[in-house]
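Visitor: Please show me the model, and let us go through it by question and answer.

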Amino acid sequence: MFDDRRRKWLDGIAWTAGAVVLAMLVDTAVAESHRFPVDNASYQSECGSCHVAYPPAMLGAGTWQGIMRGLDRHFGTDASLGDPARARVEAYLEAGAGPARREVATLRISDSSWFRKEHDEIGAATWRSAAVKSPANCGACHRQADRGDFGERNLRVPGGSLR
Amino acid sequence: MRKTPIRTCTQSALVVLLIFAGAAGAEVPADYLRSLDAAARADTTGFAGFSAARGATWFASRHGTDWSCTTCHTDSPLATGRHATTGRSIAPLAPAANPERLTDAAKIEKWFRRNCNDVLGRACTPAEKGDVIAYLTSLKR
């Protein structure tokens with residue numbers, strides 16, 4: 001009786017641990033593949049007309065909510081949306097948002113710790129160059145950014161050097 | 001003043017002319033143009049129709065902020081533009097260079113709402129919208 005209960009406990013613990021490890025592996029694999037499908041027509045057309053349709057996984061859900069609340073003053077421009085486009089974009093971002101560690105108080109992807117780490121070899125001159133101009137301009141280096149592909153294979157830093 | 005059949009006819013003719021003036025293939029929704037025209041008439045007594053020339057000047061002018069339409073859309077609406085802050089390329093505005101442009105009233109209004117707020121710090125008037133549409137549709141490759 002006691003052994004049976006203990007085995008059930010151990011089984012439970014083993015399954016939970018397995019699930020946690022698997023979730024971590026999947027998360028790492030997705031992040032390391034540098035591929036983030038952006039597959040929503042509303043999001044592409046409403047947000048992707050002014051900047052790359054940033055993959056929802058790049059920020060946490062709370063950060064996306066903050067962005068959606070302030071669309072009429074969106075980093076210096078009016079990006080306000082009417083319904084039903086607004087609701088569609090919100091739902092898409094919420095469903096695909098990244099984990100809590102990707103929340104950013106300034107609402108800027110380029111201020112997130114993962115972004116800084118991934119770009120720590122890029123020098124100030126490259127960021128300032130005419131071809132790049134802004135960290136928001138993913139496509140300047142990530143030639144397939146529009147397709148959510150941020151892999152190294154399609155990476156070309158203008159000037160050819162990382163520094 | 002009551003609308004006479006002749007006046008209605010003239011107005012319709014003007015709107016139709018405006019649609020077909022300029023680039024072939026530019027299909028600005030007729031009911032949208034009619035509503036702009038009616039609103040401009042209600043705003044201004046003696047309003048004599050939209051003007052491509054007025055639209056051209058307005059498009060290139062600053063209106064109290066650092067930006068004009070040309071800041072992102074370049075001096076030629078036939079050319080590909082570039083977003084002033086993000087660097088994103090912007091497809092040409094003139095239907096002659098980009099047949100998709102100005103074909104969807106909701107989309108036109110959305111962009112006027114956003115961009116007028118950025119460039120003028122206020123909403124555009126119906127006359128300003130009509131003038132700039134007349135300008136864009138008058139351009140040929």
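Guide: Two residues are in contact if their C-beta atoms, placed from the backbone, lie within 7 Å. This is a predicted model: local features need pLDDT of at least 70, side-chain atom pairs count only at pLDDT 80 or more, and totals for chains, interfaces and linings use all residues. Residues are numbered from 1 along each chain as its sequence is written, while chains are lettered from A and ligands numbered from 1 in the order in which they are written.

Visitor: What share of the contacts in chain A with a separation of 6 or more comes from residues 24 or more positions apart?

Guide: Take the contacts in chain A with a separation of 6 or more. The part from residues 24 or more positions apart is 64%.

Visitor: What pattern does chain A follow along the sequence?

Guide: Helices (H or I, at least four residues) and strands (E, at least two) are DSSP runs, numbered from the N terminus. Chain A has six helices and zero strands. Its pattern reads α-α-α-α-α-α.

Visitor: How many residues does chain A bring to the contact with chain B?

Guide: Chain B brings 10 residues. Chain A brings 14 residues.
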